[in-house]
Amino acid sequence: MDSQIKGVSTGTTILAVTFNGGVIIGSDSRASIGGNYVSSKTINKLIQVHDRIFCCIAGSLADAQAVTKAAKFQISFHSIQMESPPLVKAAASVLKELCYNNKEELQAGFITAGWDRKKGPQVYTVALGGMLLSQPFTIGGSGSTYIYGYADAKYKPDMSREECLQFATNALALAMGRDNVSGGVAHLVVITEEGVEHVVIPGDKLPKFHDE
Amino acid sequence: MAAVYMSANRPENAFSTVDLVPEWAQEEVSTGTTIMAVEFDGGVVIGADSRTTTGAYIANRVTDKLTPIHDRIFCCRSGSAADTQAVADIVTYQLGFHSIELDEPPLVQTAANLFKQTCYRYREELMAGIIVAGWDKRRGGQVYTVPMGGMIVRQPVSVGGSGSSYIYGFMDSNYKPGMTKEECLHFCTQALALAMERDGSSGGVARLAAITEEGLERRVVLGNQLPKFSNA
């Protein structure tokens with residue numbers, strides 16, 4: 001499906017997982033043209049849209065960048081008007097509106113994850129046509145197909161930060177190992193009430209599996 | 001009155017059979033499926049789901065996709081049901097003949113290569129992804145995968161069919177060399193259950209078989225007995 005995107009696409013693996021006290025959002029770092037040429041080995045697909053809210057992008061890079069730029073503006077304006085940090089649901093909703101109202105032209109999907117005072121850590125997925133769904137964890141992008149089984153088997157609610165980091169790292173490594181348009185380094189962002197921590201795992205430090 | 005309405009709205013279908021036969025009966029029968037095979041010391045474990053579809057209709061919900069080719073050699077079929085049945089029949093005949101000439105049980109590698117020859121020669125016409133697995137005296141348990149296009153490669157563990165995409169990650173992280181037969185059966189059951197949960201073209205029961213020097217042991221895990229991995 002990604003090979004039909006004109007121009008640069010993030011054939012990709014993205015995920016977001018809630019744990020006890022926070023949420024981890026992660027992605028690979030490869031951008032490719034038509035699945036044949038890697039146009040960037042180190043692109044950052046985790047966009048910060050507010051202090052405790054990140055979103056990760058899949059699909060056409062141009063579309064995703066345009067949408068997140070507009071969303072970032074709308075969310076910070078909303079936050080100033082309300083005089084309080086925005087809800088994760090509000091940020092996800094902004095993305096959804098943009099995706100749904102422009103569904104004919106756009107080819108981008110998003111995962112929004114973050115922490116807010118009202119509901120704590122949350123993950124929202126905004127699919128290609130503009131559907132908005134809240135889930136305890138979610139995976140997306142072309143590489144996600146290969147890790148549905150792994151994620152279903154290994155996810156448990158209320159994991160600790162370390163367990164969740166291990167789960168996300170393993171999932172990304174497995175997907176990057178099987179999907180030729182996902183690769184590079186693994187970017188992970190841990191979002192909690194206290195703050196935001198960015199973890200980067202280079203390719204050679206990723207977990208290796210039996211046939212590697 | 002009804003006929004006028006239909007042809008006015010769908011002029012291109014004025015003379016087609018689309019109204020005489022339901023849509024699901026016009027699609028080709030496919031084993032959109034999940035199949036897998038694992039080698040262990042002393043034999044192989046093979047597994048498959050049991051769903052055969054014609055479009056959105058499940059033509060057979062208790063299909064047996066694990067087809068015997070010889071006493072200790074099986075194949076797991078995915079792709080077009082007709083194509084795989086035809087190819088399996090051809091190979092069964094060829095292998096049986098070869099085994100009689102040789103006057104000893106055939107090698108798994110021979111069976112796999114026979115599949116490859118047919119699948120490669122007729123690659124444009126066929127839609128067949130096959131996993132050949134079995135036991136022979138020379139090399140013990142072996143798994144050979146012959147995907148669409150007609151390549152052959154031996155692998156310690158192999159998955160195939162539409163549902164296989166979803167379990168590559170699970171397979172890569174959970175397979176360890178040196179598993180016992182029971183561990184392999186458990187691994188296959190879990191992998192099939194995960195794939196059947198996510199793939200719309202896979203489902204029904206999980207069929208498993210363990211092939212060793214001693215013989216064949218078949219198992220069926222019914223839908224309600226499959227491991228559950230629900231979240232949220």
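One term before we start: a residue is called buried when its relative accessible area is under 20%, exposed when that area is over 50%, and partly exposed in between. Keep in mind, too, that this is a predicted model.

**Stop 1: a loop residue in chain A**

Select P136(A). You'll find P136(A) in the loop between β10 (132-135) and β11 (137-140) of chain A. Is P136(A) buried, exposed or partly exposed? Its relative accessibility is 25%, so P136(A) counts as partly exposed. P136(A) and V17(A) are 119 residues apart in sequence, yet their C-alpha atoms are 6.4 Å apart in space.

**Stop 2**

Go on to E194(A), in the loop between β12 (186-192) and β13 (196-201) of chain A. Because its relative accessible area is 68%, E194(A) is exposed.

**Stop 3: inside a strand**

Next, select Q122(A), which belongs to strand β9 (residues 120-126) of chain A. Buried or exposed, would you say, for Q122(A)? Its relative accessible area is 7%, so Q122(A) is buried. Show the side chains here: that of Q122(A) makes a polar contact with the side chain of Y124(A), at 2.8 Å. Leaving aside residues up to four places away in sequence, Q122(A) also touches a set of others, including T18(A), V23(A), V88(A) and K89(A). T112(A), A113(A), G114(A) and D116(A) are among the residues it touches too.

**Stop 4: a hairpin**

Colour residues 31-33 and 37-40 of chain A. These are strands β4 and β5, and they pair in the antiparallel sense over 3 bridges. To see one of those pairings, select A31(A): its bridge partner in β5(A) is S40(A). Then look at the turn itself. The hairpin has 3 residues between the strands, and G34(A) takes a positive phi near 65 degrees there.

**Stop 5: two residues with positive phi**

Some background for this stop: most residues other than glycine have a negative phi. With that in mind, select E83(A), in the loop between α1 (61-82) and α2 (88-101) of chain A. E83(A) is not a glycine, but its phi is positive, at about 55 degrees. With a relative accessible area of 73%, E83(A) is exposed.

Now hop over to chain B and select D103(B). D103(B) sits in the loop between α2 (81-102) and α3 (108-121) of chain B. Its phi is near 60 degrees, a positive value in a residue other than glycine. Buried or exposed, for D103(B)? Its relative accessibility is 69%, so D103(B) counts as exposed.

**Stop 6: chain B as a whole**

How many helices and strands does chain B have? The secondary structure comes to 5 helices and 13 strands. Chain B has 232 residues, of which 48% count as buried. Take the contacts in chain B between residues at least 6 apart in sequence, and 61% of them join residues at least 24 apart.

Zoom in on strand β11 (residues 157-160) of chain B. V157(B) and V159(B) point one way, S158(B) and G160(B) point the other way, and all are buried.

**Stop 7: where the chains meet**

Last, show both chains together. The contact takes 17 residues from chain A and 18 residues from chain B. Between them the chains bury about 1,600 Å², with 63% of it on carbon and sulfur atoms. Which residues of chain A lose the most area to chain B? They are D152(A), R178(A) and H210(A), together giving 37% of what that side buries.

On the chain A side, the elements that give two or more residues are α3 (148-154) and α4 (161-178). α3(A) gives the most, with 6 residues. Colour that side by class, and you'll get 10 nonpolar, 3 polar and 4 charged residues.

Definitions and conventions. Residues numbered from 1 in each chain as written. Chains lettered and ligands numbered in written order. Predicted model: local features only at pLDDT ≥ 70, side-chain atom pairs only at ≥ 80, totals over all residues. Heavy atoms only, no water. Helix = DSSP H or I, 4+ residues; strand = E, 2+ residues; numbered from the N terminus. Buried < 20%, exposed > 50% of the residue type's maximum accessible area, 1.4 Å probe, protein only. Polar contact = N/O pair within 3.5 Å; in protein donor to acceptor, adjacent residues only side chain to side chain. Contact = heavy atoms within 4.5 Å. Buried area = accessible area lost by both parts, 1.4 Å probe. Nonpolar A, V, L, I, M, F, W, Y, C, P; charged D, E, K, R; others polar. Pairing = 2+ DSSP bridges.
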